[in-house]
Structure formats: C-alpha cells, structure tokens
Amino acid sequence: MSGAPLRALRALPVAGLGLAAAAGAVALSAAPLKFAVVGLAAAFGGVGALIAGQRYRLTPLLLVALAVGLTVKLDVSFFQHFEAVGQYLPSIGGGAGLTVSVALLVALTLILSKLTGIGERVPGLRLDRPLVLTQLGFLTAGLLSLSNATDTAYLWFDAWRFLGLLLVSVAVSNLSGTDIRTLALAICALCLVQTAVAGLQYVSGSELGLSVLGEEQIVEENINFTAQRRAGGLKVHPNILGYYYEFVWPLALALALSRGPKLLRLIGAAGAGSAVVGVVLTLSRASWLTYPLSAALVILLVYRDRLFSRASLIVFALLVVVAGIGAIYAGPLVWERLTADDGGSAAQRGPLNAAALALFAQFPIFGVGLNNFGNQFAVLDQTGLSRLTGLFDRSNHVVHNLHILILTEVGIVGYAAFALVFLVGIVRGFRAAWRAPVGDPLAAIAAACAIGLIAHLLHGLVDPGFRLNLGIAELLYTGLGLIAGVRAAQRRAAAERYREGYGP
C-alpha cells in the first residue's frame with residue numbers, strides 16, 4: 001500500500017485524537033468547574049507524560065503528583081445515583097458513583113510504566129501476594145453481600161472504589177527504596193501546605209475559594225454552647241482533615257527521628273510540627289487522642305537506642321519549651337474541647353451503635369450489603385434508635401463507628417476479611433522495623449505506616465473513618481503499599497548480601 005491511502009491511514013491516529021479532544025472540550029464546557037479543571041489537568045498531564053516518558057524517568061514526578069492527590073481532594077464522580085445534599089449522603093459510607101481520582105490516575109500510569117517500560121528503567125510489575133490476596137478477599141466478601149443488598153448499584157460503585165484502592169496499593173508496592181523515600185518526603189512536605197491552608201481558614205473564617213474542590217463553608221462546632229470555628233484544609237471537612245493528620249503525623253515523626261539524610265529528617269521534622277498545629281485547628285478530639293500513642297510507638301520502633309543520649313535530652317528540653325509556649329495559646333481551646341459540653345455529639349453515638357448492631361443481628365453472615373447501610377438503616381432498624389430526633393441534626397444518619405459500619409454492611413465474613421487486610425499490613429510494618437537496623441529510613445517508613453493504620457482503626461471506634469472519604473482511603477492503602485514495598489526492598493537487599501557473601 002502506498003500513496004494517498006497510506007497517508008490517510010497514518011493520519012487516522014492524529015484525527016482520532018483531534019476528534020476526542022473536540023468531544024472532550026464540548027463535554028467539559030458544559031461540566032461543573034471541578035470536572036473541567038480535573039479533565040484539563042488529566043489531558044495535559046497525560047500528553048506530557050507520554051512525551052517526557054520517552055526520554056526521562058517519570059516515576060519521581062508521578063510520585064509528587066500522587067502526594068498532591070493524597071493531600072488535596074481531587075476526584076470527580078460519574079453516573080451518580082442521587083443528588084448529593086450537604087456533607088452526609090443517602091449512600092453514606094461509600095461510593096455513590098464511579099469516582100476517578102488523581103491518585104487512581106497516577107497509580108494506573110505507574111502500573112503501565114512498569115508493564116511497558118516507558119519512563120521506567122526497570123520494567124516489570126510485581127504482585128505482593130499478602131497485599132493483593134487480602135484485598136481480593138474483602139472484595140469477594142463484598143460481592144457475597146449481594147445476597148441481601150437492596151440497591152446493587154451502590155454495591156458495584158463501592159466495588160469499583162475498592163478495586164481502585166487495590167490498584168493504588170499495588171502501584172506503590174512496586175516502588176524502589178529510593179522512590180519510597182521520595183513519596184514519603186513529598187507527603188510530609190505537602191503537609192506544610194495543608195496546614196498553611198487550614199491556618200488561613202481558621203483565622204479568616206473563609207473556605208478560600210476551595211468550593212471548586214467540594215469544600216463546604218467553614219464548619220462551626222457547638223462547644224460549651226459557643227460556636228467554635230474548625231478548619232477543613234484541602235480535605236473538605238475538619239473530621240476528614242483529622243484523619244489525614246493522624247496518618248501523616250507518625251510518618252513525618254519517623255522520618256525526623258530516622259538515620260536518613262539530613263534533608264529527609266528536616267522535612268520530616270517540619271511535617272511533624274505542622275501536623276501538630278494543623279490537628280489542633282480541626283478540633284477533632286479523636287485525632288488528638290491518637291497522637292500520644294503514635295508518638296510512643298514511633299519512638300519505640302525508630303529511636304529506641306538513642307532515647308537517653310545527650311543530644312536527645314537537649315532536643316527533648318527544647319521541645320518541652322516549644323510545647324509550653326504552644327500550650328499557652330492552644331491549651332485553653334484544647335481543654336475546653338475535651339471537657340466542655342459538645343452539644344450532645346458524644347451521647348448520640350450510643351443509640352446509633354445500638355441500632356446498627358440490631359441491624360447486624362438481622363444479617364449476621366453477609367451483612368445488609370456493601371455500601372447499602374445508609375439507605376437501609378432507618379428502613380430496617382427495628383429499635384427506632386436511628387430515627388431519634390436530633391441525632392446529628394438529621395433523622396437518618398450513619399453509625400459513628402467504622403467497625404460496626406463494616407460489620408453491618410458485609411457481616412462477619414466481610415469484617416474478618418477487612419480486619420485481615422489491615423492486620424497483615426500492621427504486622428508486616430512492625431516486622432520490617434524490627435528486622436532492620438534501628439533508625440533505617442525505609443524501616444521507619446514501614447513502621448510509621450503501620451502505626452498510622454492503628455491510629456485510624458482506633459479513631460474508627462468513634463467515627464466512620466475512611467468509609468466517608470475516598471482520599472483518606474487512598475492514603476491508608478498507600479500506606480499498605482509502602483509497607484509491602486519496604487518488605488520487597490528488604491528482601492532484595494538480603495538477596496544481594498547473600499550473593500556477595502556466597503556467590504561464585
């Protein structure tokens with residue numbers, strides 16, 4: 001074939017891209033601003049990645065983009081099953097549509113880079129069996145709950161969400177040791193930006209134009225019969241921001257206390273300090289209460305051999321002085337939040353827990369259906385407790401307990417699978433820390449991620465946790481991927497030492 005037909009065939013890909021761009025432009029022109037921003041960013045980012053990937057290694061840039069996606073609420077949902085109103089949705093607890101996030105797009109790009117070798121020096125995708133099999137087990141349990149689900153669309157939307165989380169964790173688990181440190185560094189550095197935004201919101205009382213990301217008006221909490229302002233940062237809501245800080249705090253502190261390069265330790269220290277300041281502005285009591293435990297575990301796993309050295313005692317004395325100065329300003333607010341009347345918020349959790357457990361008793365094996373709790377709670381509740389007047393300002397509300405929420409949705413089988421996902425991650429994170437020299441940066445990252453998972457599960461005893469927010473779920477599953485990536489790096493290092501010692 002030659003001449004005009006051949007030239008026409010060669011022009012087809014370009015023409016196809018042109019038609020797709022035109023159709024995309026028409027669609028984005030009629031879409032909400034958030035869709036337009038994300039769509040344009042994805043288009044330009046994808047083209048730029050294809051061009052740069054032919055000459056440069058893309059992974060470090062993609063990891064920065066992933067850290068941005070974990071810090072900022074950057075996702076859009078298609079085919080939504082309802083019209084969302086306010087913070088709490090009819091399908092509360094999971095997805096109400098097919099949601100695409102920046103973190104998911106970056107994960108897919110990282111996986112494709114590994115499979116094709118574009119922008120990646122060492123091609124080949126590795127599947128970490130404990131990481132993948134435990135998550136597939138929970139997905140299977142979710143599908144088994146179809147037997148009782150009254151709205152299968154909600155279930156499939158959430159299955160898509162958990163499949164995306166699996167892809168995020170797999171992509172991160174394939175990172176090299178250097179890339180793992182890069183991602184951890186980027187997350188801690190962006191924590192400074194998060195806290196700067198939260199501080200401006202708290203001081204100004206404005207959401208700073210972040211409504212394009214889904215930001216609400218600044219939340220005010222009734223504390224001791226007085227409205228107290230709460231910052232939401234770049235995570236939409238103060239409770240969600242509290243989840244974010246309680247995971248980043250041990251990661252940043254572990255980097256600061258590690259024996260890594262000075263830049264890593266300095267940015268870790270700055271991130272840890274910003275996480276302390278930021279979490280105070282959220283007024284999230286449950287997040288506050290996880291901080292002492294997280295700090296104690298990080299010190300035990302990362303810093304235990306230097307705890308009573310002269311340098312440590314000097315630094316500790318300086319921190320006591322800084323903490324004392326901070327307590328002068330923030331102490332009264334923290335004390336009032338912990339002890340004052342909270343408008344009945346804590347007292348309302350008991351009736352919701354009792355109602356949810358009664359619902360679980362009706363469907364104990366496979367649950368009421370993955371992501372079907374919100375639309376069935378008040379309908380199937382035989383105790384009437386879920387419909388008490390004044391429960392969180394609405395009559396139909398999610399139970400404020402992550403563990404009871406999952407137990408009710410997917411039953412005993414599903415909760416066992418859910419617990420296994422996190423238990424395996426936590427055990428492997430601790431094991432990575434104990435098997436490495438004290439202060440090793442990679443081991444510190446794995447330990448910190450395991451501690452962050454523990455903090456979130458503890459917070460989940462009084463709040464719905466990551467089931468309310470995709471960004472927080474992606475942050476947790478990134479932690480699972482980092483733990484798997486560190487374990488793989490440790491195995492590679494051990495194999496290399498063996499070859500050097502016993503090879504021919």
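1. Aromatic cluster. F138, F162, Y415, F418, F422, F466 and Y477 are linked into a cluster by ring pairs. Rings of Phe, Tyr and Trp (its six-membered ring) pair if their centres lie within 6.5 Å; planes under 30 degrees apart are stacked, over 60 edge-to-face, and the rest tilted.

2. Basis of the values. This is a predicted model: local features need pLDDT of at least 70 and side-chain atom pairs pLDDT 80 or more, while totals for chains, interfaces and linings use all residues. Residues are numbered from 1 along each chain as its sequence is written, and side-chain values use heavy atoms, with hydrogens and water left out.

3. Overall make-up. The protein has 16 helices and four strands. These are DSSP runs, numbered from the N terminus: H or I of at least four residues for helices, E of at least two for strands. There are 504 residues, and 51% of them count as buried. Buried means under 20% relative accessible area, exposed over 50%, and partly exposed in between (1.4 Å probe, protein chains only).

4. Contacts and surface. Take the contacts between residues at least 6 apart in sequence: 77% of them join residues at least 24 apart. Contact here means heavy atoms within 4.5 Å.

5. Ring pairs. The whole structure holds eleven aromatic pairs. One of them, F373 with F377, is tilted, at 4.5 Å centre to centre and 35° between the planes. Both residues sit in helix α13 (residues 373-380), four residues apart, about one turn of the helix. F373 is buried at 0% relative accessible area, and F377 is buried at 0%. F422 and F466 have ring centres 6.0 Å apart and planes at 40°, so this pair is tilted too. The pair links distant parts of the chain, 44 residues apart: F422 lies in helix α14 (residues 402-435), F466 in the loop between α15 (441-459) and α16 (470-502). F422 is buried, at 2%. F466 is buried, at 3%.

6. Nonpolar cores. The largest core has 104 residues, and F138, L183, Y245, F422, F466 and Y477 have the most contacts inside it. Helix α8 (residues 238-257) gives the most to this core, 14 residues. A core is a set of buried Ala, Val, Leu, Ile, Met, Phe, Trp, Tyr and Cys residues joined through side-chain atoms within 4.5 Å. Beyond its neighbours within four places in sequence, L183 touches L63, L66, A67, V172, L175, T478 and L482. A second, separate core has twelve residues, including A355, A356, V398 and L405.

7. D463. This residue is in the loop between α15 and α16. D463 is buried, at 7% relative accessibility. Its side chain makes a polar contact of 2.9 Å with the side chain of H459. Such a contact is a pair of N or O atoms within 3.5 Å; within protein, one must be able to donate a hydrogen and the other to accept it, and residues adjacent in sequence count only if both atoms are side-chain atoms. Neighbours within four places in sequence aside, D463 is in contact with Y243, A286, R349, H400, N401 and L402.

8. Cysteines. A disulfide needs a pair of cysteine sulfur atoms within 2.5 Å. The count is zero. For C188, the nearest cysteine sulfur is that of C191, 7.1 Å away. C188 is buried, at 0%. For C449, the nearest is that of C188, 9.6 Å away. C449 is buried as well, at 0%.
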